[in-house]
Amino acid sequence: MTVRVDETGSIRLEGTCQIDDAELLQRLLLAHPAAAVDWRDCEHAHTALIQLILAARRTVRGPSRVPFLEKWIAPHFHALAP
Amino acid sequence: MTYKVLIVDDSKLARMAVGKALNSLQPSWTRLEAANADEAIASVKDNAPDIVLLDFNMPGRDGLALAADLNKLHPEMPLAVISANIQDEIVARARAIGAAFLPKPLTEQALADFLSAAQLRLRAVAR
Amino acid sequence: MNEFLEQFLIESRELVEQATGDLLALEESPQDHDRLDSAFRAFHTLKGAARIVEFDAMGRVLHAAEEMLVAVRAGEHPVTADLISDCLSSLDQVVQWLDAIETGGDLPTVAATTVDALLQRFEKADARLAPAPVATGWAEPLAALHPSARTAIRYAPDEGCFFRGEDPLSLLERVPGLLALDLQPTAPWPDLVAIDPFACKLVIVALSTAPPGEIASLLTTAAGQVQILALAADAFSSEAQALLQAQLLLVADREEENFTGRFAAAGNVVANVLRAQGRASHADALLRLVAAGDADGFAAALQNVLRGDDEEAGEIARAPQDVVARALRVEVERIDALVKLTGELTVVKNAVGHASRLAQGGADPTALAPLLKEQHALLDRLVSELQRSVLGIRVLPLRHVFQRFPKLVREMSASLGKPVRLLMEGEATEADKAIVEALFEPLLHVLRNALDHGIEPAESRAKAGKTAVATVLLQAVRDGEHVVVEVRDDGGGVDLDRVRRVAETRGIASADALQAMDEASLLELLFAPGFSTASQVTDISGRGVGMDAVRAAVARLGGHVSITSTAGHGTSVRFLLPFTLMMSRVMTVESGGQVFGIPFESILETVRIPRAQITQIGAAHAFVLRNQTVPLVDLAAALDLRGADEVRSDEANIVVTSFAGQLGAIEVDRFGERLDVMLKSMDGLLAGMGGVAGTTLLGDGRVLIVLDVQALLR
């Protein structure tokens with residue numbers, strides 16, 4: 001279970017998020033159109049997931065614990081203050 | 001769900017390396033090994049692996065030819081051709097068969113990516 | 001050494017052998033596609049193996065060689081002698097690296113110059129692979145913002161890439177020195193619900209400070225989807241350049257006061273400048289040199305960085321950590337055998353303990369005897385098995401030394417203009433590691449001689465009705481406790497008249513003595529010191545190193561070299577070597593009431609002669625054996641063990657030995673028996689004692705001193 005909706009209503013990415021999480025993420029994004037994505041506990045996010053977050057223009061709660069994601073991917077998202 | 005993975009490579013060192021990566025990603029999966037195309041075909045018939053990782057460069061039939069044969073036998077079986085020789089032509093031919101192309105030496109990340117894609121495919125077939 | 005490195009060594013040696021054979025065959029028949037394929041596969045698998053164990057330098061060299069073979073397969077490059085040479089050179093380097101891994105137990109530190117020199121040979125292949133010009137408009141907007149970028153990347157993954165397990169962004173995560181990364185959809189995003197989550201619809205543009213080549217090799221899996229562009233801003237800004245130059249001057253004058261402080265300060269400035277220029281790895285490397293107090297290394301590395309020779313900088317920086325350990329690679333089976341033996345020995349130990357308790361308890365000795373005898377037999381078997389196993393750990397196949405010769409012989413053949421085919425047999429023959437490793441130089445010398453002097457010029461061969469291509473056979477055979485290594489050529493044989501002339505002009509023997517000499521004695525002269533500094537010094541045979549050096553080197557290994565020659569048919573040089581260095585067969589002799597051992601390999605024969613036949617020449621003694629005068633040393637006298645008034649028997653017992661081509665003899669009081677002993681070299685107080693080769697323990701607990709015959713007769 002690496003993609004879920006938490007008690008605050010955010011869609012959380014946790015641990016290693018692989019390609020097979022993409023379908024679920026898409027369903028959750030569709031089901032929770034106002035939910036932010038929280039990727040603070042995400043250790044790896046497959047390109048497919050990043051693409052979905054971009055396409056959904058969803059706000060993302062950071063910072064990511066992965067330097068690469070934080071430095072190079074996060075700036076492309078709508079950021080939300082932590 | 002655990003799967004059976006067949007590793008085909010004429011180099012024992014390479015099989016060891018792939019086996020190690022596989023073991024650290026999916027310790028409960030079954031690993032099978034074959035040192036050439038004929039052994040691989042025999043193993044596919046006898047052991048019915050779910051996923052096959054093939055070295056491109058082998059004496060006799062090469063990995064792409066073997067992948068094409070396996071693809072004919074089992075069109076839905078996820079295949080990955082592993083090669084240190086990353087020529088566009090080989091990458092393209094692998095893609096044409098529907099096989100993934102993985103660089104040699106195989107990194108755990110590359111294998112992890114392929115295995116999750118493979119599981120995706122196997123689950124889709126099972127449905 | 002881990003199991004991967006072990007397997008790597010095993011496979012790599014086999015592959016080098018395969019590739020070498022294929023290349024040489026290919027040179028003879030360039031149209032042989034099977035050989036070409038086989039060579040290509042061997043190089044390719046070697047490269048793969050190098051990458052598995054993360055031996056980058058080897059991977060790069062083999063990659064370049066492989067690219068060359070790819071071009072040949074594609075019909076873009078013919079099989080030329082140069083091409084074969086280049087490929088063989090890379091294999092030769094690989095063998096040297098393998099040897100270094102074997103001794104060091106780990107990957108060796110490789111100088112960038114070594115790799116560069118090899119890579120340069122394959123530049124033609126690189127030129128062929130230069131990318132076609134591509135549209136580059138995509139790079140400009142981003143590059144304008146980042147003047148220090150060296151490389152621009154445009155990555156347009158195809159839609160189905162996720163299904164093949166590709167993850168484009170995680171691939172880019174591996175790119176070092178990222179300066180910028182731009183993500184764009186291939187088309188404006190549709191509604192979320194209409195998106196196929198498993199289709200990739202991104203285009204990624206990135207900039208990096210890393211060189212284009214490095215990035216290309218990281219992104220090879222995405223071939224066809226990636227464009228890589230070298231940007232002009234590949235140098236330091238002028239301010240940075242000036243700052244770095246200034247630091248270089250600062251550390252130049254080491255005599256000045258407070259150098260250490262200045263060195264540290266300069267180091268910090270350099271590191272900061274380099275970091276600002278996106279060269280963090282260089283900064284780290286140089287700081288390590290500062291920490292190591294290596295000002296010379298620092299200056300050299302910094303100069304390389306300034307020259308843009310960045311790999312050199314990295315290599316130099318790594319050098320101080322280069323510590324090589326002595327280690328031995330041992331197959332697991334051999335260790336298992338030892339463990340098993342240890343167990344069996346423990347059982348026997350307990351049995352002997354039981355017997356000794358019985359003896360202590362007053363048991364009947366005649367009843368104990370069969371028990372002890374049985375245990376002795378068991379111990380005997382186990383100890384010899386243990387000996388064999390321990391010695392087995394030290395063995396290596398001769399392949400280790402043979403492997404390098406095909407290439408070297410080929411080069412010699414080319415430079416002498418004498419076509420030669422080298423045949424090798426018995427590469428799998430094993431010998432003590434120390435012996436195998438010491439054989440390279442002597443064998444190389446003998447091979448050089450064979451090509452230089454043994455094999456005739458083409459005209460002479462044609463006249464003699466011989467094939468234009470000469471044959472040199474390098475062969476190893478196990479013969480009981482010995483290993484025989486032989487170099488045989490099909491040349492003209494040793495020119496005995498020339499030997500006579502050279503020996504005379506060199507003052508090695510008189511003209512009369514030379515005329516009287518038989519063929520064997522004349523051939524022995526080739527081993528005489530000073531013989532090889534012959535009139536015709538060529539590049540190949542070299543200067544100053546002659547067959548005397550070969551014989552001395554082989555003698556140090558406890559071996560012996562001999563030459564046979566058949567006029568018109570060729571020369572054969574034969575190395576007779578002990579299988580192991582530790583196990584020696586000695587003959588015991590008695591002199592002055594003490595027992596000594598004489599190494600069996602130095603004994604030619606034992607004779608018993610009437611004392612009257614011994615003549616005194618000055619202070620020395622000699623006798624005539626089959627028309628040859630042999631100097632004689634009385635062992636007891638030489639060791640000061642002879643009583644002044646001792647009555648000598650009418651017959652003298654004499655051991656005839658040979659060293660450096662000379663006969664010599666030792667008189668002993670009595671001949672003893674043959675023994676196989678584990679020779680222990682002298683250490684502690686006895687180290688450096690002349691005339692003694694080593695010691696061993698005798699069955700009755702006495703120490704047997706084994707004589708160094710050469711030193712004794714000198």
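Chain C and chain B bury about 2700 Å² between them, with 63% of it on carbon and sulfur atoms. Keep in mind that this is a predicted model.

Let me stay with that interface. On the chain C side, 30 residues are in contact with 28 residues of chain B. Which residues of chain C lose the most area to chain B? They are C:F4, C:I52 and C:R164, and together they make up 22% of what that side buries.

Now the charges. Two salt bridges are found across the interface of chain C and chain B. C:E166 forms a salt bridge with B:R95, and the closest N and O atoms are 3.5 Å apart. Polar contacts between chain C and chain B come to three residue pairs, both residues at pLDDT 80 or more.

Where does this side of chain C come from? Helices α1 (3-28), α2 (33-52) and α3 (56-73) of chain C each give two or more residues to the side that touches chain B. The largest share is from α2(C), with nine residues. By residue class, the side of chain C that touches chain B divides into 10 nonpolar, 10 polar and 10 charged.

Next, chain A against chain C. About 2200 Å² is buried between them, 71% of it on carbon and sulfur atoms. Here 24 residues of chain A are in contact with 25 residues of chain C. How many salt bridges are there between chain A and chain C? The count is zero. Polar contacts between chain A and chain C number nine residue pairs, again with both at pLDDT 80 or more.

On chain A, the elements supplying at least two residues each to the side that touches chain C are α1 (22-31), β3 (37-45), α2 (47-55) and α3 (67-73). Helix α2(A) gives the most, seven residues. That side of chain A divides into 15 nonpolar, six polar and three charged residues.

Last, a sheet inside chain C.

Six bridges join β6(C) to β8 (residues 470-479) of chain C, and the two run parallel. C:V420 stands opposite C:A470 in β8(C).

Note on methods. Residues are numbered from 1 along each chain as its sequence is written. Chains are lettered from A and ligands numbered from 1 in the order in which they are written. This is a predicted model: local features need pLDDT of at least 70, side-chain atom pairs count only at pLDDT 80 or more; totals for chains, interfaces and linings use all residues. Side-chain values use heavy atoms; hydrogens and water are left out. Two strands pair if DSSP finds at least two bridges between them. Helices (H or I, at least four residues) and strands (E, at least two) are DSSP runs, numbered from the N terminus. Contact means heavy atoms within 4.5 Å. Buried area is the accessible area (1.4 Å probe) that two parts lose on being put together, summed over both. A salt bridge is a side-chain nitrogen of Lys or Arg within 4 Å of a carboxyl oxygen of Asp or Glu. A polar contact is a pair of N or O atoms within 3.5 Å; within protein, one must be able to donate a hydrogen and the other to accept it, and residues adjacent in sequence count only if both atoms are side-chain atoms. Ala, Val, Leu, Ile, Met, Phe, Trp, Tyr, Cys and Pro count as nonpolar, Asp, Glu, Lys and Arg as charged, and the others, Gly among them, as polar.
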